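Q: I'd like a close look at one part of this model, with a bit of context around it. Could you walk me through it?

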Amino acid sequence: QVVAGFYLGQYLHERALIEQTLEEFAGFVAAGQLTVEVGAALPLAEAAEAHRRLESRQSSAKIVLVPAP
């Protein structure tokens with residue numbers, strides 16, 4: 001099975017539902033039942049590059065922005 005993506009924006013006013021959903025996903029990840037495909041990890045300073053990659057469809061996976069330590 002695949003979770004290709006989902007949007008919680010329409011449920012932002014339902015905090016309990018969002019918390020339950022995220023806890024369930026975290027459990028799947030911890031159990032190895034769900035993996036997250038990360039296409040790249042870029043420093044936060046390169047956020048513009050991350051947006052460029054997404055907009056030009058150079059990445060089909062998630063791009064993680066990593067804050068400076």
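Q: Which residue forms a salt bridge with Glu49, and how many Å apart are the closest N and O atoms?

A: Keep in mind that this is a predicted model. Arg53 forms a salt bridge with Glu49, and their closest N and O atoms sit 3.0 Å apart. Both belong to helix H2, and since they are four residues apart there, about one helical turn separates them. Glu49 also pairs with Arg52: those side chains meet in a salt bridge at 2.6 Å, N to O. Arg52 and Glu49 are three residues apart in helix H2, which covers residues 47-55, again about one turn. Put together, Glu49, Arg52 and Arg53 are linked in a network of salt bridges.

Now the wider view. A search of the whole structure turns up three salt bridges. One of them is in helix H1 (residues 15-30), where Glu19 and Arg15 lie four residues apart and their side chains meet at 2.7 Å, N to O. Arg15 is exposed, with 62% relative accessible area, whereas Glu19 is partly exposed at 36%.

The chain itself has two helices and two strands, in the order α-β-α-β. Its radius of gyration is 14 Å, well over the 11 Å that the globule rule gives for 69 residues, so the chain is more spread out than a compact globule. Buried residues make up 12% of the chain.

Note on methods. Residues are numbered from 1 along each chain as its sequence is written. This is a predicted model: local features need pLDDT of at least 70, side-chain atom pairs count only at pLDDT 80 or more; totals for chains, interfaces and linings use all residues. Side-chain values use heavy atoms; hydrogens and water are left out. The radius of gyration is taken over C-alpha atoms; the globule rule is 2.2 Å times the number of residues to the power 0.38. Buried means under 20% relative accessible area, exposed over 50%, partly exposed in between (1.4 Å probe, protein chains only). A salt bridge is a side-chain nitrogen of Lys or Arg within 4 Å of a carboxyl oxygen of Asp or Glu.
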